[in-house]
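Hello,

Here is the structure I promised to send over. Have a look at it first, and then read on for my notes.

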Amino acid sequence: MADQDTAVDHLAGYTAILTAVCATGRGLTREERESLRSHGERAAESGTGLRTLVRALLSSAREEVGPELPPASAEHLLGAVEQAVDAFAEGHERAQRLAVRQEEAARREFIDDLLHGGSDLGRIAERAGHFGLLLSHAHAVAVAQGRESYDEGYEVARSVESSLLARFGTRRILLTTKDGRLICVAPADEPEVLAHFAKQAYAATDGGQVGVGRPHPGPGGVVHSYQEALNALDLAVRMELDDPVLYAADLLVYPVLTRDRQAMADLVRTVLGPLQGARGGARPLLETLTAYFDTGCVSAQAARRLSLSVRAMTYRLDRIHQLTGADPADPVQRYTLQTAAIGARLLNWPDRPL
């Protein structure tokens, strides 16, 4: 009854319209329809459901029907009720669409602030509860990217979201998209959430990669973890890492190596610079070093990776020794060469001058 009484509050002028229609046989005027649409909007804004509103509309119309109402007037009344319901529903739906757009805009604004660190972290923490996050706890972020760009509403995003909801329900998980990537923010004490996200995202993106940041506390921790996940994906490209899931915790050596970029550039230039004097330039010999170190310094395995004979592989390693003065087979000199080779990949040398 309370809902019905609330709905009646939004029917101002409706009964008078029905009375006029029954008396004259006319339809609803443009002004009347627009007035009813406005009432429908206000009803939606106040939380009155469309079903409750329609019941109130029909109830008011029933009161107009009596034994003395001529059949012709009853026909006009039914037509007017149909127009009125349509106008109320249109206004109600219009308000609902506006509310959805406003909610989407607020969610997108929150996500942007969360992932890039707004100026007011306290305000971000307050808003986080509305979107299912409790930022007083530590969180970790996983970022998935594939061959295409993805947005919310895309089949890939819906598929991953459905799988997460089916498995974990609403466990304070935020799943969204940004810059064409899928993003999952989950509590640090539930690592199985990000593991499942990574598995589903890898399958849904047809072999994409997922970067997983380390857990960090607070709103600023989400930003930190997100940046770590992005950096892991960037390292995968530069270092040609083909692992489906890349954990920032396993890649900490690379940020350390590039923390002093100038020092790393000097190391690459000094140690590997002489390779540019080889026939064909430095690239083939750098690829040789990379394959050699990636295979645990096993020449035969490195040769297979490069589609070379073992003899050709040995020749290249000897040539590197001659040009750089460092022997890849020597344990002490090997470390310097390997560090320089990693630095070259991180700095995109020799394609990009140091």
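R37 is buried, its relative accessible area being 16%; here buried means under 20%, exposed means over 50% and partly exposed lies in between, with a 1.4 Å probe and protein chains only. This residue sits in helix α3, which covers residues 30-45. Helices are DSSP runs of H or I with at least four residues, strands are runs of E with at least two, and both are numbered from the N terminus. Setting aside residues up to four places away in sequence, R37 touches A87, E90, G91 and R94, where contact means heavy atoms within 4.5 Å.

Before going further, please keep in mind that this is a predicted model, in which local features need pLDDT of at least 70 and side-chain atom pairs count only at pLDDT 80 or more, while totals for chains, interfaces and linings use all residues. Residues are numbered from 1 along each chain as its sequence is written, and side-chain values use heavy atoms, with hydrogens and water left out.

Now the chain as a whole. The protein chain has 15 helices and six strands. Its radius of gyration is 33 Å, well over the 20 Å that the globule rule gives for 354 residues, so the chain is more spread out than a compact globule. That radius is taken over C-alpha atoms, and the rule is 2.2 Å times the number of residues to the power 0.38. The C-alpha trace spans about 110 × 40 × 35 Å along the principal axes. Of the 354 residues, 41% count as buried. Among the contacts with a separation of 6 or more, 69% come from residues 24 or more positions apart.

Next, two helix pairs. Two packed helices are described by the angle between their axes and the distance between those axes. The axes are lines fitted to C-alpha atoms, for helices over the stretch in contact, and the angles run from 0 to 180 degrees between N-to-C directions.

Helix α11 (residues 261-272) packs against helix α15 (residues 331-346) at an angle of about 120°, and their axes are 9 Å apart. That makes α11 oblique to α15: angles under 35 degrees count as roughly parallel, over 145 as roughly antiparallel, 65 to 115 as roughly perpendicular, and the rest as oblique. The crossing of α11 and α15 is left-handed, the term for a near helix turned anticlockwise from the far one by less than a right angle, with clockwise being right-handed. On the α11 side the contact is made by M264, L267, V268, V271 and L272, and on the α15 side by T336, L337, T339, A340, A341, G343 and A344. By class, this contact has nine nonpolar, three polar and no charged residues. Ala, Val, Leu, Ile, Met, Phe, Trp, Tyr, Cys and Pro count as nonpolar, Asp, Glu, Lys and Arg as charged, and the others, Gly among them, as polar.

In the second pair, the axes of helix α7 (residues 155-168) and helix α8 (residues 191-204) come within 10 Å and cross at roughly 145°. The crossing of α7 and α8 is right-handed. V156, V160, S163, L164, R167 and F168 of α7 meet E192, V193, H196, F197, Q200, A201 and A204 of α8. The residues of this contact divide into eight nonpolar, three polar and two charged.

A few single residues may also interest you. A128 belongs to helix α6 (residues 121-128) and counts as buried, at 0% relative accessibility. Apart from neighbours within four places in sequence, A128 is in contact with F110, L133 and L135. P215 lies in the loop between β4 (209-212) and β5 (216-217) and is partly exposed, with a relative accessible area of 47%. Leaving out residues up to four places away, P215 touches H139, A140 and A188. P215 and P187 are 28 residues apart in sequence, with 8.2 Å from C-alpha to C-alpha.

Lastly, some backbone details. C297 is not a glycine, yet has a positive phi of about 65°; the residue is in the loop between α12 (283-294) and α13 (299-305). In the segment after α15 you will find N348, another residue other than glycine with a positive phi, near 60°. P350 is also placed in the segment after α15, and the peptide bond from W349 to P350 is cis, with omega near 15°.

Best wishes
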